[in-house]
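Look at the charged side chains in the structure below. The text that follows goes through their pairings one at a time.

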Amino acid sequence: LVVSLGSSNAMYTITVLINQPLKWEMLAQSEIAMADGPVMAISQTDGIPYLFGSIDAEESDFEYPNLLALSGSTLESVAGNLIQARARYYALEISPDGIPYVSFDDYSLETHMQSVMKVEDGTASYVGNAGSLYQTGGNELTAVALFPFSDNDVWCAQYNNTRNVSIERRCLNFAHYSNSSWALGQSLQGRNPSSYAYNNIGRIVDGIGYLMVHNQNQNTLSMYKYEDNVWSSIFEELQIMKADGSGAAQINLRDMDFDVASNGDIYILVACDYLTGDYNPAVIRYDIETQTQTIISGVLTNIDIDESRSISMSLDMDDIPYIVFVNPEDNDKTYITYMDANRQWSDPQAVSTSSTDNPAIRFAEDGTGYIAYLDTTTNKFVLYTNIE
């Protein structure tokens with residue numbers, strides 16, 4: 001188009017992208033049976049997806065932690081069982097140099113505490129000592145967030161479930177590993193140390209760490225970022241508002257997620273009583289510049305988090321949000337919905353062919369999407385991908 005102002009003319013080209021629905025196909029499944037998980041992370045160095053959880057066993061004492069990575073058409077164990085003991089409360093992140101780090105509640109100790117391990121060249125080793133952190137509670141798959149920036153700069157945010165320590169029970173233990181040791185109870189500027197930390201969700205995006213915390217006793221969310229070796233607050237004690245703006249909505253404990261858009265805005269997936277007494281999810285866009293929140297594309301009233309249990313969200317290369325969830329009305333299959341060209345949520349479509357648990361979705365830097373879940377009929381991790 002040509003824009004004229006007086007005697008001056010200028011030509012502009014506007015490109016309009018019409019978002020088309022992605023097609024998803026099964027890519028791989030695990031060689032071994034799994035009992036819990038997965039949590040998923042994608043390496044920023046080579047785009048390989050990793051899944052973390054515990055192996056299946058007749059007795060829970062033998063549900064050992066195992067890290068899997070995509071290899072051809074299978075999800076193969078990277079280092080075998082990381083320890084010969086039970087694990088719970090999982091976290092997974094890939095360092096900027098492509099090394100996977102995991103965290104889990106470590107039952108190899110008489111008093112099981114949270115451990116962190118790195119997995120390099122097919123071998124798992126503790127970061128510091130076994131059980132260097134406090135015991136964890138809260139949400140099984142989102143109680144712990146892990147940030148391995150380098151082998152001498154690792155952060156872990158966890159729900160503290162250890163009594164009679166310097167951190168109040170149910171509150172945030174924010175720990176830092178450097179110089180061969182862990183320092184627990186690190187402070188975050190502006191954070192109330194008595195705020196509970198039921199969900200702790202972390203991402204490393206373009207080298208910047210992002211941590212979102214559900215302050216369950218305050219019914220708020222807080223978000224922090226790690227940039228230039230400093231943690232700072234993006235928002236503190238944010239109340240999620242009802243759809244009509246009449247007041248604060250109640251945040252559900254079960255599950256939540258977030259992602260960071262290309263302009264730095266934060267997209268938060270959280271289930272609340274936005275409209276009625278039901279807890280439905282919605283995507284909240286938090287505008288970094290104006291520090292305001294907006295529900296985009298409306299509340300997903302067809303999803304009740306108390307029935308679905310699990311939700312996950314990721315933004316594609318065009319900052320389009322995609323959501324996966326368990327559909328209890330269709331044999332607990334994993335379903336997907338996305339914001340379509342009309343900025344409405346698309347009709348949900350089944351991804352899996354059988355019952356599932358703990359679905360997760362992530363997009364790699366090159367635009368490749370991955371959906372992972374636990375197939376509860378075969379007890380295998382399954383990985384789907386999009387087809388261009």
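**Salt bridges and their surroundings**

Asp357 is partly exposed, with a relative accessibility of 22%. This is a predicted model. The partner of Asp357 is Arg309, and the two side chains form a salt bridge with an N to O distance of 3.7 Å. This pair links distant parts of the chain: Arg309 lies in the loop between helix 1 (305–308) and strand 24 (311–315), while Asp357 belongs to strand 28 (residues 356–363), 48 residues apart from Arg309. Arg309 also counts as partly exposed, at 28% relative accessibility.

Side chains of opposite charge can pair when their charged atoms come close. In total, the structure holds 13 salt bridges.

Another of these joins Arg285 and Asp287, whose side chains meet at 3.4 Å, N to O. How accessible are the two partners, Arg285 and Asp287? Arg285 has a relative accessible area of 23% and is partly exposed. Asp287 has 17% and is buried, because buried means under 20% relative accessible area.

A salt bridge also connects Asp330 with Lys333, where the closest N and O atoms are 3.8 Å apart. Here the acidic residue, Asp330, is partly exposed, with a relative accessible area of 22%. Lys333 is buried, its relative accessible area being 19%.

Terms used
Residues are numbered from 1 along each chain as its sequence is written. This is a predicted model: local features need pLDDT of at least 70, side-chain atom pairs count only at pLDDT 80 or more; totals for chains, interfaces and linings use all residues. Side-chain values use heavy atoms; hydrogens and water are left out. A salt bridge is a side-chain nitrogen of Lys or Arg within 4 Å of a carboxyl oxygen of Asp or Glu. Buried means under 20% relative accessible area, exposed over 50%, partly exposed in between (1.4 Å probe, protein chains only). Helices (H or I, at least four residues) and strands (E, at least two) are DSSP runs, numbered from the N terminus.
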